[in-house]
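Have the coordinates open in your viewer as you read.

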Amino acid sequence: MPDFIEGGGEMGALMRALFEQTPSFTALLRGPSHRIELANPGFVRLLGLHNVVGSTVAEALPVAAAEGQIQLLNEVLGSGEPHAANGVKFQERYIDFVYQPIKDVAGAVTGILVQGTDVTGRVLSEAALRESEARFLEVADAAPVLIWISDVTKKCIWFNKPWLRFTGRSMEQDMGAGWVEGVHPEDIDACVEVYNDAFDRHEPYRTEYRRKRHDGEWRVLDATGVPRFAGGAFVGFIGSCIDVTDQRAATRALSESEEQLRLATEAAEVGLWDLDVGSDTLYWPPRVKAMFGISADVPVSMADYYGGVHPDDREATISAYAAARDPARRALYDVEYRTVGREDNVVRWVAAKGRALFKGDRCWRVIGTAIDITARKAAEEKLRELNENLEQRVAEALAERKVLVDIVESTDALIQVLDLNFCIMAINRATADAFERIFGLRPKVGDNLLSLLDDRPEHRDTVKKHWGRALAGEEFTVVDEFGDPSLDRRFYEIKFNALRDRHGELVGAFQFVYDVTERIRDQARLAEAEAHLRQAQKIDALGQLTGGVAHDFNNLLMVISGGLSLIERSADAPRRERIIAGMRRAAERGASLSRQLLAFARRQPLKPEPLDLRRQIDGMRDLLDRTLRGDVQVITELADAPGADALWAIKVDRAELELVMLNLCVNARDAMPSGGVITIRAKNAPMVRDGELSGDFVVVTVEDTGTGMSPEVLAHIFEPFFTTKGIGEGSGLGLPQVYGFVQQSGGAVRVASTVGRGTTVTLFLPRTDESPTHSRSGAAEIAGGARRPAIVGSVLLVEDDDEVATLVTEMLQELGYRVTRAGSADSALGALANARHVDLVLSDIMMPGSMNGLGLARELKLRRPGLPVLLTSGYAGAVIDSALDENIGVLRKPYDIHELDAALRGAVERRVPI
């Protein structure tokens with residue numbers, strides 16, 4: 001033993017104790033033969049030999065050479081470098097050792113210190129751990145769940161094969177934080193938060209989140225994670241995920257089913273009961289407790305059941321319950337019994353059904369339902385009381401039913417009932433007969449009405465349209481035509497009604513149908529007869545109109561012809577002037593009558609212009625004051641008075657509007673023989689929607705306080721020559737002129753009247769965005785025209801009426817014109833064919849031949865561009881409108897010499913090219 005070990009003193013003792021008691025093995029080898037100079041007990045135990053000191057390694061351990069240990073010792077001795085090894089198998093042991101060279105003061109290697117530890121236990125444990133991990137990985141890969149492992153950095157380091165198959169990704173893609181990429185975007189934050197929180201606290205967790213499967217479908221995963229520890233140190237987490245998508249769907253379906261069952265039992269007023277036989281625990285919901293007169297919050301037991309059954313019913317009820325629990329009989333528990341309320345002492349009837357559940361021959365559970373049938377029993381009792389004369393009442397009811405059936409079957413009405421799928425629930429004979437007659441098929445109960453008409457799509461669509469409305473709950477009546485044209489087509493009036501059950505739920509619809517073909521045909525014949533009658537009435541009205549016109553014009557002609565005869569016989573100048581003045585007034589009346597007739601017929605050519613209605617009415621005040629009597633007061637209430645909104649401008653014929661207002665005021669005056677008040681109002685009326693009216697209008701009303709009109713009179717006020725005034729007091733054309741004017745202006749007129757209270761006439765005049773124009777009075781224009789110098793020129797007069805042509809020629813010559821006359825348009829073209837010079841053409845519009853005045857004007861535009869043409873006519877219509885549209889002047893008949901002069905001057909001065 002070396003001196004430092006064998007030495008005395010405390011240190012020597014300490015070193016010997018360490019050398020002898022150390023758990024590791026130690027030996028000192030000397031020389032190239034590696035002789036064992038020193039070996040502690042650990043080394044001796046390792047070798048299993050006792051006297052090894054003094055022996056070489058080769059002698060003590062013959063296997064050392066075979067295992068290469070002698071060579072390693074030689075290398076350490078020769079190189080002076082230590083050699084260490086771990087987990088080396090030595091015989092049946094595993095060791096960690098080091099060969100440490102020992103050098104002298106000169107640095108020469110003199111021996112080797114062998115130091116080592118028996119690590120057999122550790123090696124075997126590590127091997128067992130590796131084997132365990134291998135088995136774990138095999139089990140994890142075979143497990144039907146998704147398993148993952150993370151390290152202490154929160155990063156995942158391993159996923160089992162089911163995980164990789166589920167995600168369709170590789171281990172490398174999901175390692176680290178790559179697994180987060182498959183989490184649903186809406187679940188990522190919550191999922192990561194739960195994971196991080198549990199990781200930081202080293203506590204298990206459980207959560208659910210959605211993850212994308214390899215096929216792109218989002219699946220619900222139930223995720224669980226637990227912390228991993230090694231030697232007490234936290235090393236990460238291990239977790240598993242289970243696809244619970246189908247389970248959650250099944251759970252939801254079960255929950256919905258249970259909710260439906262609950263709702264169904266609640267709706268059916270059914271109570272459930274459940275007895276756990278082993279614990280004798282009875283479950284009664286509040287509904288069942290109420291059947292036994294027990295409050296909802298009071299606990300119950302089988303004693304409440306036994307004690308709650310009515311004494312008269314107890315034996316039979318309990319016997320039925322015992323039979324249900326008997327494993328030999330296992331009967332259905334189906335009883336009706338009375339209960340006596342424990343708290344309220346009220347007697348109730350209960351119908352109960354139940355079934356016992358067995359494990360082998362042991363009954364462990366009884367479940368069932370209970371219904372409160374007290375009301376039903378009361379009804380049955382009442383029914384039993386009524387059944388004393390049941391036979392008679394049944395016979396009466398059957399008789400009534402038979403009568404009803406006979407009526408339905410024998411009626412001409414077609415009656416049919418369909419369910420919501422268009423299938424026939426009921427149909428009477430008349431309906432089947434009619435269907436067969438018009439479609440060639442005989443329907444019956446159970447047939448689908450639409451399927452019967454599959455080969456007739458147009459009829460099928462019509463039937464589906466009507467029945468579809470009825471089966472949606474709508475109730476209505478229609479008249480329509482049905483039937484195959486090759487068989488028969490009929491008109492039917494069909495009344496549809498919804499069919500509902502006793503709970504008010506829509507279950508179908510039914511119809512009552514009547515064949516109204518003859519009625520429709522009668523109505524058509526009646527309509528045709530009414531049309532003929534209206535035509536006859538029109539002819540009669542035309543006769544009345546013609547007679548009225550003839551009467552008035554005869555009066556006018558009487559004044560003219562009589563005046564001419566007096567002029568021929570009288571030489572008295574003043575008398576002649578009076579006669580001529582009368583004749584002139586007659587001519588003016590005739591012109592006015594003509595204008596009123598044209599306005600009524602809506603053939604009067606209007607000259608619409610933007611007007612300021614307030615200014616127009618204010619300008620008529622002097623005229624109205626002169627026309628109306630002194631006992632008639634006129635009040636105006638116009639919307640653009642101070643503080644009110646301005647009246648919109650209107651676009652109508654100025655002169656015709658004045659005539660309308662004058663006619664209405666004169667009529668109002670005549671309706672107030674003792675005087676009264678005429679109120680003229682005007683206001684704006686935006687967005688009018690009334691019959692044919694649509695848009696913005698200015699509404700003008702003329703209201704009087706006169707005698708009013710009866711409904712019979714009111715119905716005829718717009719008829720020409722209809723008047724309630726005395727002979728000579730009115731022509732009956734005032735209101736027709738009003739009607740024609742507003743209709744032709746794009747407006748409407750309404751009249752309301754009450755006998756004894758007065759009449760209100762309302763005019764709707766269309767609004768315009770154009771600015772109003774202001775004109776001088778007609779008298780001023782005439783006066784101004786009279787002062788202008790005469791124009792001398794040549795006029796081609798085209799007029800087919802000889803008398804009119806003669807008079808117009810005289811008027812033209814009086815004005816200083818040279819006149820050439822042609823009787824037709826063709827003659828006028830012939831007169832101009834030789835290049836004859838004329839300064840203006842004055843032509844009537846309505847002429848015989850193939851060309852009228854407008855056609856002549858158009859032809860002259862081609863032959864003589866720039867030659868002025870002035871057209872005249874006593875009629876109006878589309879031709880006049882066309883002439884005005886083409887900027888051709890039109891002079892309306894009758895006209896006097898002043899009007900003719902002004903029109904000729906205008907045509908010549910403008911030189912408007914035609």
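There are 51 salt bridges in the structure, a salt bridge being a side-chain nitrogen of Lys or Arg within 4 Å of a carboxyl oxygen of Asp or Glu. Bear in mind that this is a predicted model, where local features need pLDDT of at least 70, side-chain atom pairs count only at pLDDT 80 or more, and totals for chains, interfaces and linings use all residues. Residues are numbered from 1 along each chain as its sequence is written, and side-chain values use heavy atoms, with hydrogens and water left out.

Start with Arg206 and Asp222, whose closest N and O atoms sit 2.4 Å apart in a salt bridge. This pair ties together distant parts of the chain, with Arg206 in strand 8 and Asp222 in strand 9 (residues 218–230), 16 residues apart; strands here are DSSP runs of E, at least two residues, and helices are runs of H or I, at least four, both numbered from the N terminus. Arg206 is exposed at 61% relative accessibility, while Asp222 is buried at 7% (buried is under 20% relative accessible area, exposed over 50%, partly exposed in between, with a 1.4 Å probe and protein chains only).

Arg330 bridges to Asp361, with 3.7 Å between the closest N and O atoms. Both ends are in loops: Arg330 between helix 14 (311–325) and strand 13 (333–340), Asp361 between strand 14 (347–359) and strand 15 (362–372). Arg330 also lies over the face of Phe358, 4.2 Å from the ring centre; such a charge has NZ of Lys or CZ of Arg within 6 Å of the ring centre and within 35 degrees of the ring normal. Lys359 lies over the face of Trp364 at 4.7 Å.

On to the rings themselves: the whole structure has 24 aromatic pairs. The Phe97 and Tyr99 ring centres are 4.8 Å apart with planes at 40°, so the pair counts as tilted (Phe, Tyr and Trp rings, the six-membered one for Trp, pair with centres within 6.5 Å; planes under 30 degrees apart are stacked, over 60 edge-to-face, the rest tilted). Both of these residues, Phe97 and Tyr99, are buried. Phe510 and Phe512, by contrast, pair edge-to-face, at 6.0 Å and 80°.

Finally, how confident is the predictor? The chain has a mean pLDDT of 82, with 84% of residues at 70 or more; pLDDT is the predictor's per-residue confidence, from 0 to 100.
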